[in-house]
Amino acid sequence: MTLYQWFIFFLIVQVIHFAGTWKMYEAAGRKRWEAAVPVYNAYVLMKIINRPGWWVILLFVPIVNLIMFPVVWVELLRSFGKNTTTDTLLGIFTAGFYVYYVNYTQELNYVPDRSIVPQSKSGDTISSILFAIIVATIVHTYIMQPFTIPTSSLEKSLLVGDFLFVSKFHYGARTPKTAVAFPMVHDTIPILNIKSYTDWPQLPSFRFPGLEEISRNDIVVFNWPADTVRYFRDQHSVGIRKPVDKKSNYVKRCVGVPGDSLSIKDGIIHINGKVLQLPMRAEPQYSYEVTTNGSMLDPTYLLKELNITDQYYTGQNIYQFRALTETSVERLRNNPVVTDVKRIIATQGESNIFSGTSGWNLDNMGPIYIPEKGKTIAIDASSIRFYKKIIGEYEKNDLQINGNQIKINGKVATSYTFKQNYYWMMGDNRHNSEDSRYWGYVPEDHVVGKPVFVFMSWNQTASGLDKVRWDRVFTTVSGEGQRVSYLKHFLIALALYFGISYLVKKRREKRLNP
């Protein structure tokens, strides 16, 4: 929906609210017109139901407002003596239209001093649960979101089974585009395995100011641009486009920022003509061919000493390994049965590589310009293949290509100015990562956040207490030097908190009961 469409929709909602509540406003001692003024009518409504004025903010927070609307309907009904379970259920399951019935057919006896304290244990429990859901939804949407690593594309930096906290505020939190969705889940409701959102209506989304810009080498969580499956857990249902904020979450390293010229030569990333310098914690991995003197490599040695699980023997004393770091390669070279270690470099062109340029593959491609907001580039029949998805899909233009002629929104175009920034994302596991080399640029509006903390790490191949990677628990994602766990600090702080809370409670009890 466009801003104009949303404005019309907003006005319609105001008319519906006025038509269904104006008599209640008057019965509560307010003026009829106060039910008609947008936003102000919500503030007055909070006064009528004896709730704080800041609740108005929650009514305009996407997703949170889906929880708040039923609460307000029920509170309004109770402010006029409609306290039964039937009244509550009718208020909720008629989407608030039971208020219309009460407004026009019932004697309106306003209860100005109604107690807002739940009158039963079940009511208190429900209120507590709703409050917890609202707070958690706000935190999940705008501050911090838990996230798990499902694949090995960033192996060594992030492991399969790492559980992360992803900051929404570092790069600036996005407001949701999807207005109606189940809170605190992504595209699928757990257990039920059904779609968690409706495609309509879609909100005009924007990003709050962030603490920092995305820098080269940052690890970033983003919505997968190429995701067209309907449900994340139903990979057979394809060809249905998701809203941006419901596309599958991916995590990769940003190796190219807006304005960069990127190329890959024999698997090595070059930015603006220079080799990309990776941070210390980044350990890129490549595929290797290892030749022995005729002796077999000991599988126990490969697993325990080099942590190699992905390998196979091709015959003629040759092994092929995937995802080897430089450290592992050096250890293999020092193995007495190894005579040669050679990195495997793709030489044949790949049809599924980004832009479909002849001869390009995952190890050799480019140069590629990474678009920057506000920058204008020349476009022609040769270069349009790099930017047609940006122009037509990401930036919502009507793009038509007829031979050598390019039309944008009905006009012949020889240049284009980008409306947002774009990024190039890749996994450190160079030969086992589906990334920008295959589906291209990541638009800025697809950026979710920055992983900042590993709060748990689970090794599914281990057993017992060894399943927990203790050295990774409570560690930061970014930073130089060796990874440091803050688990001990957390446990000490937790013990101090409970200890101080216990002492304060005892002192209060002693003061009240000397």
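Residues 24 or more positions apart make up 66% of the contacts (heavy atoms within 4.5 Å) with a separation of 6 or more in the protein chain. This is a predicted model, in which local features need pLDDT of at least 70 and side-chain atom pairs count only at pLDDT 80 or more, while totals for chains, interfaces and linings use all residues. Residues are numbered from 1 along each chain as its sequence is written, and side-chain values use heavy atoms, with hydrogens and water left out.

**The chain as a whole**
- You will find twelve helices and 23 strands here, taken as DSSP runs (H or I, at least four residues, for helices; E, at least two, for strands) and numbered from the N terminus.
- Along the principal axes, the C-alpha atoms fill a box of roughly 95 × 80 × 40 Å.
- Of the 514 residues, 43% count as buried, meaning under 20% relative accessible area with a 1.4 Å probe and protein chains only.

**The largest pocket**
- The largest pocket holds about 1500 Å³ of space; a pocket is an open set of points on a 1 Å grid where a 1.4 Å probe fits, with protein on both sides within 12 Å along at least five of seven lines.
- Its lining (residues with an atom within 4 Å of a point) has 41 residues, and Phe 9, Val 13, Leu 59, Asn 65 and Phe 69 are the closest to the centre.
- α1 (3–27), α2 (40–48), α4 (64–78) and α6 (98–105) each supply at least two lining residues, and α1 gives the most, with eleven.
- By residue class, the lining of the largest pocket has 33 nonpolar, eight polar and no charged residues; Asp, Glu, Lys and Arg count as charged, Ala, Val, Leu, Ile, Met, Phe, Trp, Tyr, Cys and Pro as nonpolar, and the others, Gly among them, as polar.

Notes:
Grid points are joined across faces, edges and corners, and a volume is the space filled by probe spheres set on the points. Buried means under 20% relative accessible area, exposed over 50%, partly exposed in between (1.4 Å probe, protein chains only).
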